[in-house]
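User: Could you take a close look at one part of this model for me, the place where the two chains meet? I'd like one connected walk through it.

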Amino acid sequence: MSLLHVENLQTVLDTGGSVRPVDGVTFDIARGETFALLGESGCGKSLTALSIMRLLPEVGRIAGGLVRLQDGDALDLLALPETAMRNLRGKRMAMIFQEPAASLNPVMTVGEQIAEVLERHAGLRGEAQQQRVLELLDAVGISDAVRRARDYPFQMSGGMKQRVMIAIALACAPDLLIADEPTTALDVTIQAQVLELLRELQHKNGMALLLITHDLGVVAEMAHRVAVMYAGEIVEIASREQFFSRPLHPYTQKLFAALPQKGKARLATIPGTVPMLNREFPCCRFADRCEHAWALCREQAPAWTLLEGGRGVRCHLYEEHVAGSAWSVAKSEEPEGTRMSHPPPVTRYPLLQVESLRVHFPIRKGVLQRVSGYVKAVDGVSFDIAAGRTLALVGESGCGKTTVGKSILRLIEPSAGTVRFGGENIGALRRDRMRMLRSQLQIIFQDPYASLNPRMRVAESIEEGMAALETVADAAARMRRVDELLAQVGLSAAMKYRYPHEFSGGQRQRIAIARALAVRPRLIVCDEPTSALDVSVQAQILNLLKQLQDELGLAYLFITHNIAVVEFLAHEVAVMYLGRIVECGSAEEILNTPRHPYTQALLSAAPRLESAGERRVIKLSGELPSPINPPPGCHFHPRCPHAMPQCRGEYPQASRFSATHHAHCYLYPSNPLNDGA
Amino acid sequence: MPVVLWTDALIYLLLAAVIVFVVVVRRREHLLAPWQRVAHSRSGMAAATVLVFFLAAGLLDSVHYRPALADNGGERNYSVEVLSLFDLLATQLRTHTEKTYSAPLAAHLFAKENISLADGRQVRDFPRLVHGGAHLPDPANELAHDVLWRSGLALLLALVIWLALAAGLVAWLARRRGIAWRDMARQVWYGKTEIPWHVVLLTLAAMLVVVVPMWVLSANYHVFGTDKVGQDVLYLALKSIRTGLVIGTLTTLVMLPFALLLGIAAGYFKGWADDVIQYVYTTLNSIPSVLLIAAAVLMTQIYMDLHPELFETVAARADLRLLFLCVILGITSWTGLCRLLRGETLKLREMEYIQAAQAFGVSQWRILTRHILPNVMHIVLISLVMEFSALVLAEAVLSYVGVGVDPSMISFGTMINSARLEMAREPMVWWALLAAFSFMFVLVLAANLFADAVRDAFDPRVQTLKVKTA
């Protein structure tokens, strides 16, 4: 018997017209099961969860359907009065959200916040309550619970806050836990910890988990069953094994094909965007973007088709009575990405040489603003990038990788070290000479919404660089170049008079790329250009970047935390930890034979599609230390599983494994015969 | 002879700026969108309808001229009195002065006097007014009836005007959309249009119901009575509108350059520039502003008194003092907006598009004007509209204290100031205060409601809910 039964749930948002972000969703969750709800942003995953909890925003209402929580007697959640709902929330069903920092009250200690729930639902007070708070903190893996219970949220790191959120959610041992993208805001190593914790707790308490995520990797690690949502509907439900061995719905197949992977020359993309949900759909919602679509798909909405093995799919391809019903499509499914045909030409002329780059931010204190210390955001980083090559700078948030990118462009002034571009020392350049050089060095940012001025037309944004750097002096010629650039990044020239708000995230990122290309750069610093985008859009951008590299011979400094993207795009990889590069080498070397324990942990922590049981996750304890006061010796030793006494002493010298591959770790003999890098 | 006073010139300038702004906004979709939201707000449109009446009065009162005197041989002479178009329209109101106080809609003076009768006897009684109710042979019996009768006629007239305006509006809308008149009327009536025209029409009806009877009655009566020297209080209240509007709008014009330049510079350049600007406005903020204003106003007054030759007319002199008051109010009130802009700029300068511009080597000045300025304009607009009503009230307070506008200039403040002593009188003279109070109340309330609508439309935080759920 299922614990939660959702049937034909419909939610409507009344914002101007009525939008139907959840339109007839049906699923069951059994006790002790992890049910993953997978989908791209804007497809209604979160609103489904909020509808179940009846926590919809003011403009939203549940238009129909049935939500039943079963436990002996069935409770119809939609029919309950609000007071009864309040007794259920937190007690029988609990929810954790994406952003742990925003979910905790900043002026209450975490202990009080847990106690609040206990008092409300379990009626615990005094000693018993305190006891239970400590137990819960222990259970979610927070050491030194007695002291930590008195901490305020700001004293905790992101991972810790999410643990506290989980403790609050679990306070009354709920039957159902809804986790809405619980690890999206966290780093991979922390994500691995939190997922592990959720799995453990579920195993112990036997609760059901409704996991909402956009990350196929997380699904592969966690889920027992998977539902794929698209445009307000569930298009496919399957068990994990079925799902990963053979996805059925064309949308799901596309999602898999769009994942960046090593060896794919191009990623499959899904043309178009998710349709607006403010209208009726007489047809299949995916028809416009589906390459298998035929006439029927545009005339009739597909019904839910149950297939063997308890899986179901919403697609005409699998309906029995439909002529040409094509299991064959699923069977002949070949990874969309064609194999890489030829290795890119190897040029060894270093375009950018960075040598012991340091960026220290002074910490000022007191009335006189005296410098009392430094945040060593970047502390001696060296690497080279050859023309036409991609160096991926990998690391967790806060390790200083973005600062490296910005200081190369002198958006942040470096404190020490040299940056040579085409042989010229950028740091020593005067203003006017630097301006000349700016046309060769460009940057693409992470957030496509913040990287375009909302008050400027697209053409003005793209043109600005050309005008400022006087690469194209004549206004008419500039306009022609704008048209050319828009075509180059796959947009139409007619769009140039629009404002940024008329474009989707992926399109904006294309515009940002066109803007950078406008001045014909030779090197582009890509600062996590795809981390804010959905998988299918990410695929488009990555394809574009790769294609531009082939055509224009661009070099990229690709800053990212996503290992899969690295595999797809990078020629060389540098792994950063706390302001320093701990390992550097060619992509094959790093990804196949990582030497540094941190690199190994990072690679193992990234969720993969391959069955989770086979791989061994190297668990890292703790979190990134503060760069104000880095640990002595090797920065990584407090979290390192192989830490030795000598790691505490001095920062290790480079150990070379090949001409390109080196790491800083005492596990390997140091051989600084070649230059000390 | 047309006369352009300093404040007139600035008002024309402001009007021109507003017209240019409207033209620019109409062409750009992203700028137009929030204004459309304002137009869709009910309270906002109701307030705007009321404001239109005030603006019309204020603008009419800002076209000044000196009437030609009777021709006496070849050379034309002009009166030293400066009149406005509004004065011309309200000639009756302006010239129908009594001897002293009279109550609203009265036919007799408020104070008893010795009256010489035709037969030479003297009686002590309330004398008849020269203009108020002068057409009535027996006011004691006929006055109430006459007033009611005229009001009734006026209401009918109001209805006719309203119907004509409503029909005109519907016809215009119907033509613009190309649908039948009847359908359009139904849509408007049931509030189905995007812009809440039915609210506009209702407000218009309410305004007409008040304004038309006042206008009709004012031909034969003093609707709000008369003041100490027998001037019609309604006229004074109407003249005060311009003063209020000038203070409310021109002050912001003065303070804008300070607030914009310093606020954005502090936020963008940080470092010592920020320190200096912050010290300046914190210092300025810590001086009680009334003190500063009083000192400045008294200084200018003494200067003006010592140089009477600088001013051709009394109006010019009063006008310059008004302008100085605006400047001084502006100088003391830029700090709030400056602080807001500094904060917003601090946030914006870290935005990625600013960094992208820096990566292109775009000049600082261009970054400030092209990237930062347009993105803080919504804050400027919101605070300007919000500030307006505060300034109108500030003028009233300052004039009451005696450091406001020139005593010869009619304003809400001077009206209240001169009425305050009469409040202590028995029987009380309450109407001057009531008139000033109710006019100011309606003006400020409308301005505040409109400001609310503007803030709702422009403030990004108000819209976050909609964006998230979309």
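Analyst: Let's start with a salt bridge: B:Arg370 pairs with A:Glu460, with the closest N and O atoms 3.2 Å apart. By salt bridge I mean a side-chain nitrogen of Lys or Arg within 4 Å of a carboxyl oxygen of Asp or Glu. Across the interface of chain A and chain B the rule finds two of them. Bear in mind that this is a predicted model, where local features need pLDDT of at least 70 and side-chain atom pairs count only at pLDDT 80 or more, while totals for chains, interfaces and linings use all residues. Residues are numbered from 1 along each chain as its sequence is written, chains are lettered from A in the order in which they are written, and side-chain values use heavy atoms, leaving out hydrogens and water.

As for who touches whom, 33 residues of chain A are in contact (heavy atoms within 4.5 Å) with 24 residues of chain B. Putting the chains together buries about 2,600 Å², counted as accessible area (1.4 Å probe) lost and summed over both parts. Carbon and sulfur atoms give 56% of that area.

H16(A) provides the largest share, five residues.

Technical notes
Buried area is the accessible area (1.4 Å probe) that two parts lose on being put together, summed over both. Helices (H or I, at least four residues) and strands (E, at least two) are DSSP runs, numbered from the N terminus.
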